[in-house]
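Below is a short note for a colleague who has not seen this structure before. Please read the points alongside the sequence and the model.

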Amino acid sequence: MTDVSDITLYSARLVVPMTAPAMRDGAVAVRHGRILRVGERAWVRDMLADRGERFEEIRIEGALLPGLVNAHSHLQYSGMAEVGQGRYAGFDDWADAFDAVYERPHDWHADAVAGAQQMIRAGITSVADIVTDAEALPVLGETGLGGITYWEVMSWTNEDWAARGRELIITELDRIPPVPGAGLSPHAPYSLDTEPLLEIPDIVRARGLRTHLHLGESAFEGERPGTAPGDPWRFAKLESFQSLRAAGFGASATEFVDQLGVLGPDCHVAHGVYMTAADRALLRARGTSVALCPRSNDVIGLDAPPVAAYLREGSAVAVGTDSLSSSPSLDLMADVSALVRIARAQGYADRDLHERLLSAATLGGAHAMGIDVGPDRTGYLAVGARADLACFRLDDVDLGQEAGVADGLAALAEDGAGRAIRTVIAGETSAAKEDE
Ligand SMILES: [Zn+2]
């Protein structure tokens with residue numbers, strides 16, 4: 001028997017492992033920041049007792065899920081909520097409002113830390129965080145969040161890129177703290193010429209790192225009827241997506257970046273709103289996940305993402321809040337609820353909707369960043385994974401009923417915002433409501 005109890009048993013009325021069926025009266029045993037056992041509470045307790053292991057039990061009067069994974073955000077814009085509280089008539093309208101506030105002085109580091117704390121309180125334990133100003137680079141590591149810090153790259157012409165861009169970006173990439181993870185974010189297909197779009201994935205891949213970009217967020221990225229005669233666009237030696245459009249080609253932004261070799265299993269995209277069935281098939285073929293950010297799309301005045309199609313087609317889906325400059329809050333569960341409503345409105349009627357979208361907000365996000373595998377794997381509750389846990393209040397659900405598990409999942413997916421009561425990152429409680 002060990003002298004000191006170094007095992008914490010988190011037990012809950014509903015435990016949702018994501019890689020195993022959800023269960024009533026479950027428990028997760030945690031030791032040294034990792035998951036030691038997951039299962040029914042009585043079984044986990046017996047197993048520990050049989051081995052003479054002492055443990056401290058923390059009782060959750062609600063649901064225990066893997067820590068949520070926010071698959072698209074910009075923590076440094078957490079002080080720009082005045083932009084995100086507005087409503088806009090489209091991407092350009094929103095961008096004008098954003099630019100006016102961005103140009104003012106900001107403490108990007110303090111704003112990012114404040115945003116990270118809001119996320120942790122909402123049950124988020126890992127983030128795909130895009131950083132544009134270097135002050136915000138260390139924030140994931142400083143606040144204990146997992147995920148990846150992506151340095152944003154934008155506005156390079158082919159000429160400037162060759163002259164100094166490539167060298168500068170390599171220097172900047174080396175400045176990103178390697179823990180929890182580093183990558184590059186080529187902003188979008190329309191904000192970089194072809195040479196940087198071609199080379200950034202190579203620079204990142206050579207170092208075993210990852211990329212993340214905005215794709216299909218603006219209506220003009222969608223497919224258009226092509227008007228140029230003759231050779232397909234890919235042989236036309238075009239210098240940018242804009243020149244492709246100016247030459248009369250109708251290829252979508254997704255097809256464009258795919259031809260440049262940007263997509264792949266080490267890359268995930270944000271938004272994916274303006275995408276045809278062929279674009280979505282390209283993402284699947286390349287193993288590229290899409291982080292859906294429906295509340296951000298709504299604030300900016302865009303269409304809703306085709307979530308029903310993504311689900312029916314078996315696309316790899318994740319969920320992101322985007323930043324407070326385009327979203328009302330950093331509570332990822334509010335985006336899950338928005339996706340439930342959108343999927344239903346788009347005709348998705350299968351009973352698996354709640355479970356699939358909760359999975360998208362956990363395992364799906366981890367998969368999008370490649371952190372569902374390896375020594376620090378997260379996004380699901382299984383032996384050996386990092387003990388990242390999110391606990392939610394469910395006092396309005398009768399879990400004792402036959403349909404209790406389904407009702408619990410429904411409450412979380414349809415109305416999960418504001419329910420988080422405790423967040424555990426790598427075995428340490430990072431946030432807990434006092435009245436828990
Ligand atoms: Zn974004």
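1. Basis of the note. The model is predicted, so local features need pLDDT of at least 70 and side-chain atom pairs count only at pLDDT 80 or more, while totals for chains, interfaces and linings use all residues. Residues are numbered from 1 along each chain as its sequence is written, and side-chain values use heavy atoms, with hydrogens and water left out.

2. Domains. The chain is divided into domain 1 (7–67 + 379–432) and domain 2 (68–368); such bounds come from an automatic or database domain assignment. Their C-alpha centres lie 31 Å apart. Domain 1 gives 27 residues to the contact and domain 2 gives 26 residues, where contact means heavy atoms within 4.5 Å.

3. The parallel sheet. Eight strands make an open sheet with parallel pairing, in the order β5-β6-β7-β8-β9-β10-β11-β12. Strands (E, at least two residues) and helices (H or I, at least four) are DSSP runs, numbered from the N terminus, and two strands pair if DSSP finds at least two bridges between them. At the edges are β5 (68–73) and β12 (317–319), each pairing on one side only. On average, neighbouring strands of this sheet are turned by 25° against each other, direction ignored. Axes here are lines fitted to C-alpha atoms, for helices over the stretch in contact, and angles run from 0 to 180 degrees between N-to-C directions.

4. Strands β10 (residues 267–271) and β11 (residues 289–292) run parallel and are joined by three bridges. In this pair, His268 stands opposite Ser289 in β11. Helix α14 (residues 353–368) packs on the sheet and touches β5, β9 (210–215), β10, β11 and β12. The direction of helix α14 makes about 100° with that of β12.

5. The mixed sheet. Seven strands form another open sheet, in the order β3-β2-β1-β4-β13-β14-β15, with mixed pairing. Its edge strands are β3 (34–40) and β15, and each of these pairs on one side only. Neighbouring strands of this sheet are turned by 30° against each other on average, direction ignored.

6. Strand β14 and its partners. Strand β13 (residues 389–393) pairs with β14 in the antiparallel sense over four bridges, and Leu389 stands opposite Val424 in β14. Four bridges also join β14 (residues 420–425) to β15 (residues 428–432), and these two run antiparallel. Ile425 stands opposite Glu428 in β15. The hairpin of β14 and β15 has two residues between the strands, and Ala426 in this hairpin takes a positive phi near 45°.

7. Buried means under 20% relative accessible area, exposed over 50%, and partly exposed in between (1.4 Å probe, protein chains only).

8. Zinc site. The zinc ion is coordinated by NE2 atoms of His72, His74 and His214, at 2.1 to 2.3 Å. Along the chain, the donors follow the spacing H-x1-H-x139-H. Donors are N, O and S atoms within 2.8 Å of the metal (3.2 Å for Na, K and Ca); water is not among the atoms, so sites may look incomplete. His72 is buried, with a relative accessible area of 0%, and His74 is buried at 6%.

9. Two single residues. Is Leu145 buried or exposed? Leu145, in the loop between α5 (139–143) and β7 (146–153), is buried, with a relative accessible area of 2%. Leaving aside residues up to four places away in sequence, Leu145 touches residues including Ala116, Pro180, Arg386 and Ile425. Asp46 lies in helix α1 (residues 41–50) and counts as partly exposed, at 49% relative accessibility. The C-alpha atoms of Asp46 and Leu263 are separated by 47 Å, with the two residues 217 residues apart along the chain.
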